[in-house]
Amino acid sequence: LAKMRVGVFVGVLAVMAVVSSMPIDEIDIFETFAIDEPNTVPFKWTDCGATNDIGHVSALSVSPDPIEISKSQSENVTFSLTAGLTGTVTAASAKLTIKKKVLDIWTKIPCIDGVGSCTIPNVCTLLKPGPCDPILVAHGIPCQCPFKPFTAKFDPTAIAIHAQKSIPGFLANGDYEVQVELYDPANTQISCINVQASLKIE
């Protein structure tokens, strides 16, 4: 009888191992986050970097709160920001951690096909060549690598969010947390920022 129990136990472990190695059902995962949840979290942010990081954010605000995003048209968002860079950045990787509050539990959105909590090997390759946005030019901030030391202060500024062109289909009403960590090629952290915000999707 004992041997039979051990055999059943081993068999269960084998089945669990096979199931755990099966491909993730991407549709089921994203359906979990496509459910509308209440807007309960006020906008807040934290500079989660170390004191010796070369990039820091010292002030950030966004309105309206909740942030309104439309799947059919552009929406205006007003933000203010004070940030600085004390060293030169020639290349950087980015680690994104994105969570959504599902049934009042912060749940990490996995990285699938480049969407979700992903790591970007070199953000510099994502920056488009050409003229910089006038807002960046006015504050002396480059839009391509390398990034040289700067200090920038954005007074309340309205920007248009063209989310209808790129918003993921699974994105729905609710509370979100995003943490962005930047690292140089030597894997030394450049900066870190954590933001919690409530999104109202229409």
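A strand, as I use the word, is a DSSP run of at least two E residues, numbered from the N terminus. With that in hand, let's start. One caution: this is a predicted model.

First stop, Lys101. Lys101 lies in strand β5. Is Lys101 buried or exposed? Buried means under 20% relative accessible area. Lys101 has 16% relative accessibility, so Lys101 counts as buried. Who are its neighbours? Setting aside residues within four places in sequence, Lys101 is in contact with Glu37, Thr40, Val41, Trp106 and Asp175.

Now, charge pairs. Side chains of opposite charge can pair when their charged atoms come close. How many salt bridges does a search of the whole structure find? Two.

Lys101 takes part in one of them. Its side chain meets that of Asp104 in a salt bridge, at 4.0 Å from N to O. Asp104 has 62% relative accessibility and counts as exposed. Lys101, at 16%, counts as buried.

Next, Lys99 and Glu177. Lys99 forms a salt bridge with Glu177, and the closest N and O atoms are 4.0 Å apart. Why does this pair tie together parts that are 78 residues apart in sequence? Because Lys99 lies in strand β5, residues 93-102, while Glu177 lies in strand β9, residues 174-183. Lys99 is partly exposed, with a relative accessible area of 26%. Glu177 is buried, at 15%.

On to the nonpolar side. The largest nonpolar core has 29 residues. Which residues have the most contacts inside it? Leu60, Ile67, Leu81 and Leu199. The elements giving two or more residues to this core are β2 (55-63), β3 (67-69), β4 (75-85), β8 and β10 (189-201). β10 gives the most, with six residues.

Take Leu60 from that group. Not counting residues up to four places away in sequence, Leu60 touches Phe43, Trp45, Ser80, Leu81, Ile193 and Val195. Leu81 is itself among the residues with the most contacts inside the core.

Last stop, Phe150. Where is Phe150? In strand β8, which covers residues 150-161. Phe150 counts as buried, at 18% relative accessibility. Again leaving out residues up to four places away in sequence, Phe150 touches Ala83, Gly84, Leu85, Gly140 and Ile141. One distance to finish. Phe150 and Gly55 are 95 residues apart along the chain, and their C-alpha atoms are separated by 9.6 Å.

That's the tour.

How values were computed. Residues numbered from 1 in each chain as written. Predicted model: local features only at pLDDT ≥ 70, side-chain atom pairs only at ≥ 80, totals over all residues. Heavy atoms only, no water. Helix = DSSP H or I, 4+ residues; strand = E, 2+ residues; numbered from the N terminus. Buried < 20%, exposed > 50% of the residue type's maximum accessible area, 1.4 Å probe, protein only. Contact = heavy atoms within 4.5 Å. Core = buried A, V, L, I, M, F, W, Y, C linked by side-chain atoms within 4.5 Å.
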